[in-house]
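Here is a friendly walk through the strands and cores of a protein model. Keep the viewer open as you read.

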Amino acid sequence: MCKAASFLFGVMVVAGSAAGNEETVFLDAECPLTPQVVLDQGTFCNTSAINVPGAGVASQYPSAITVSGLTGVISDLKVRMLGVTHANTSTLQALVQPPSGAPIGLTGSSFLVSSPEAPNQRPVPTASSAQWTFSEQADDYALFNRDGVPQLTSTAPVSGSYLPRTFALLGLPAPAPSAAESQLLASQIGQNPNGSWQLFVNQATLNTAANPQPTGTIAGGWCVDITTTASNTGCYASTLLSGAITTSDLLQTGRTNRNGIVSLCTWPKTNSLFATTSLHYDAYAVVNPAAQETCITLTSDFTGCGGNTTQPVVYTTYDPANPGNNILADAGYSSIGRLQMSFRRGAGQPFTIVVHEITANAGCPAYSLFLEQNRCQALPIGDLIFRNGFD
Ligand SMILES: [Ca+2]
């Protein structure tokens, strides 16, 4: 029997103790992907300017849009920001809270996130009266790029379509939702579109009081473009894993280097071993349930770790004696908050998610790992082919 689209991965313990040292995530039967005709469409906007200070929340926090009168359930969603002007949009944080479901991270980071092409440099994408469309049909991220080119010092206006994605987000001030954010607009597939949509915009300060950020504006406000079908298309899949790292967990020898570079479907990265300290870990073996290669996002939530910084790493195959080998993806950081990354995996291909402590025996009382994918969406192309060859 086909399960709800929110649980297309399953979990089984294959090794370790009841502490859950190592688990294998198996697949449940997928809901069928049934072609469906568009039932309804609508664009809804709030055109009041959203002004962004040098630090903290925007002038409208949140800015709200009421959607009403649409029939059916959401099959496609786009969020547009109109007239974005800002001299460093990399730390301009935006979340959208739909009427139901988790908030969706649109853009922004709480930390310096380097691009793989410019290690140790922070991209500084600027925007001048730009029209930003957040869409899963896009190929790159607003935080890093314009047309696939890292924006380090450019003053050119940046208009275009961007993938929604936040990076190393510590959470936005209340009343923004405290729930971990989804990385996919597709998380709204199958939901009722009608109700209040709220946009939370915040300027991060990079935790440095002496690091003032430029002010900015979203002068024309924002819009949601909603398409519906009669029933759930089944394209969105997710699973939530949770656990704790304790001193009864298994040990790995060393850990992955934290180099500030995030793994992305558009930018796979390499990494290596750092130190050889013994660290406790949990491992989850997962298989991609999609019928074709997809982009899988992972949101790690370490806010329940009691301030103990914790690191997530994804492997093609994991060897706790050599945790610097076979790294598929990492977030470039450990965190006491949340970390986001994404990676590509083919149909039926396995991967292993490992969560480990940074300080020996520090552990983590409670963490969660949220996997998502839109299994109907082709991979974001970016210019991967030029960065990594014909893989
Ligand atoms: Ca454990």
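## Strand pairs around β10

Trp132 stands opposite Gly160 in β13. Strand β13 covers residues 160-162 and runs parallel to β10, joined to it by three bridges. Before going on, please note that this is a predicted model, in which local features need pLDDT of at least 70 and side-chain atom pairs count only at pLDDT 80 or more, while totals for chains, interfaces and linings use all residues. Residues are numbered from 1 along each chain as its sequence is written.

Strand β10 (residues 127-134) also pairs with β7 (residues 73-86), this time in the antiparallel sense and over six bridges. Here Val79 stands opposite Phe134 in β10. Strands are DSSP runs of E, at least two residues long, and are numbered from the N terminus; two of them pair if DSSP finds at least two bridges between them.

## An open sheet of four strands

Follow the order β17-β25-β20-β23 and you have traced an open sheet with antiparallel pairing. Its edges are β17 (236-245) and β23 (338-345); each has a single partner strand, so one side of each is left without a neighbour in the sheet. From one strand to the next the twist averages 20°, with axes taken as lines fitted to C-alpha atoms and angles running from 0 to 180 degrees between N-to-C directions.

The partner of β17 is β25 (residues 364-374), antiparallel to it and joined by nine bridges. Look for Ile245, which stands opposite Cys364 in β25.

## Two nonpolar cores

A nonpolar core is a set of buried Ala, Val, Leu, Ile, Met, Phe, Trp, Tyr and Cys residues joined through C-beta atoms within 7 Å. The largest one has 44 residues, and Val314, Tyr315, Met341, Ile353 and Val354 touch the most other members. Among the elements that give it two or more residues are β19 (273-287), β21 (310-315) and β24 (350-357); β19 supplies the largest share, six residues.

Apart from this core lies another, of 42 residues, including Leu82, Leu95, Leu185 and Ile226.

## A buried serine in a loop

Ser90 is found in the loop between β7 and β8 (92-97). Is Ser90 buried or exposed? It counts as buried, because it has 26 C-beta neighbours inside 10 Å; the cut-off is 20 or more other C-beta atoms within 10 Å, against 12 or fewer for exposed and partly exposed in between, with C-beta atoms placed from the backbone. Ser90 and Thr166 are 76 residues apart in sequence, and their C-alpha atoms are 10.0 Å apart in space.
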